[in-house]
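Hi,

Here is the structure I said I would pass on. Have a look at it first, and my notes follow below.

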Amino acid sequence: MAAASVRLWVKTEPFLVGALPAPPPARLSPHYLRKMVAYARARAAEGCFPRLWWPRWRHIACGKLQLGRGLAWLYFELFHSLLRRDPPRRLEWAEAEAACASADELEQERSKLSVDTLQFLLFLYVQQVNKVSLRTSLIGEEWPSPRTKSPSLTGKSTSENKNWNDQDHHAFVQSHLSDMLELLLEPEQLTASSHATHSSLVSYEAVCALSFLIEGTVNKSMMVHPLHELALWQPCHGQNGYSKVSKAFSFPKLESWLRSCLMTNPFGMTACLKSGKKLAWAQQVEGTTRRAKIACNTCVVPEVFPMVIMSQVYKQTLAKSSDTLVGAHVRIHRCNESFIYLLSPLRSVTIEKCRNSTFILGPVQASVHVHSCDNVKVIVVCHRLCLSSTAGCTFYILTPTQPLILSGNQAVSLAPFHTHYPMLEDHMAQVGLATLPNYWDSPMLVCKESSDTSVFRLLPPSDFYTFVIPFEMEGDTTETPGGLPHAYQKALSQREQKVQIWQKTVKEAGLTKDQRKQFQMLVENKFYEWLVQTGNRQQLDSLVPPAVGSKQAAG
């Protein structure tokens, strides 16, 4: 087996789900991370190394790095949940958190959590991928405007959404590989200025930590292995400098081997757009030149989450509950005046540059990121919601974490989750999401406007209506999981009472047969006018099944 046959790539998850889609605080720079690792190693006996416990990270983050307590927990929980994919364990944590009656009890519960110190350092380093570069801003490649460019669906790397772009992930790791390796070195392998030398050795534990970011295959096999397993293959030792005596790698040889083997992720967005399977889920709308594009990975392996990318769905209803979607990273791009139902358990969802549309999503295990959208409604149970550069959008959510309001948002409305479909609770269990705790009404402002709470509001109960998913499915869920907050339930009950009073008034009016017929026509005409004015007529029309020859293809 030749060492040259090893192919490595940067994993999608740490960037897509792990990197907060916002510039990191200045104190999370590589300079401060080097100080942090030295501090952690020196205090191994105090719960800092090789595992970092929440109380110690809170001390480092708040006391040394000058981060707020909320931000410290955000980074810690984001990393912890990224690796904790086991649904039963997620549900256990949700139950424990929901049972806490006070902030002190919650803090006590959090104190039981720890993370791998070296992997957590790499996770914090990865946050630099969204750092705004002054140099590139000045030469015109990047500019910190609220409405930055979204990734091109042609696969060209003109995008500024670095969380999705695997070419950016590859370039980031190649550019910062030396820094990241030095971050993982033991103190005696570093110079006084915290840099490596030609004779520095990289421990096996450090390479295990780097497996958080890098994986690969041997001989074009479809079996994906973490980096540390591939690095121990005997034929690779000559190139990566592994010594069985020291059980460590030569720093310069390991770095050279990693650079030579790194390639673009074969399961990433670029590959999905270039050679993925095209899905005929959307119809071509007559009289428009826009063509909906929907693609998914063709060669997904068990260790890798599938990917579904949809763009330019226009003026139609698209509804899917499909194996193709289960556990998938979904990207919805430039969809306008449409209703999109994705009723399967999902891994993550990104909604970008969409207008005047409604998205009803199955439970999302990781995050929903809505960016650069106008007047959209999103209805979802998700682990985390992130908003950036949105205007006039409404979010009906059930979430165990605080919704993140990043920069550039205007007129955000938050409301409780208000719908159900028969498989919803089964799908929630599959991704480890419970009904409690639910922080839908407690957003965290992580932006320059963080003192301006006017960027969001809680939807007034008087404007609140439940949402009916108009499809028949197998399953046991018959009501909104967790119910509704009292104020919203009360508003619905009062409205229902008015309807009953109205029906009683009509019944007791003593109308003749002709009067009843005339009255019915009047009500129907008014209802039709309302359908047209609100845009609901389009939604109803798009629910009519298409002709046999143009049915949406299963996928």
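Numbering starts from 1 along each chain as its sequence is written, and side-chain values use heavy atoms, with hydrogens and water left out.

Back to that pair: strand E1 (residues 6–10) and strand E5 (residues 214–218) run antiparallel, joined by 5 bridges. Strands (E, at least two residues) and helices (H or I, at least four) are DSSP runs, numbered from the N terminus, and two strands pair if DSSP finds at least two bridges between them. E1 and E5 belong to an open sheet of 4 strands, ordered E6-E5-E1-E9, with mixed pairing. Strand E6 (225–226) and strand E9 (262–263) are at its edges with a single partner strand each, so one side of each has no neighbour in the sheet.

There is also an open sheet of 3 strands, E4-E8-E7, with antiparallel pairing. Its edge strands are E4 (201–203) and E7 (242–243). E4 is joined by 3 bridges to strand E8 (residues 248–250), and Val202 sits opposite Phe249 in E8.

As for confidence, pLDDT (the predictor's confidence in each residue, from 0 to 100) averages 88 for the protein chain, and 89% of the residues score at least 70. Residues 137–159 stay under 50. Where pLDDT is low, the predicted coordinates should not be read in detail.

Cheers

Definitions and conventions: This is a predicted model: local features need pLDDT of at least 70, side-chain atom pairs count only at pLDDT 80 or more; totals for chains, interfaces and linings use all residues. Contact means heavy atoms within 4.5 Å.
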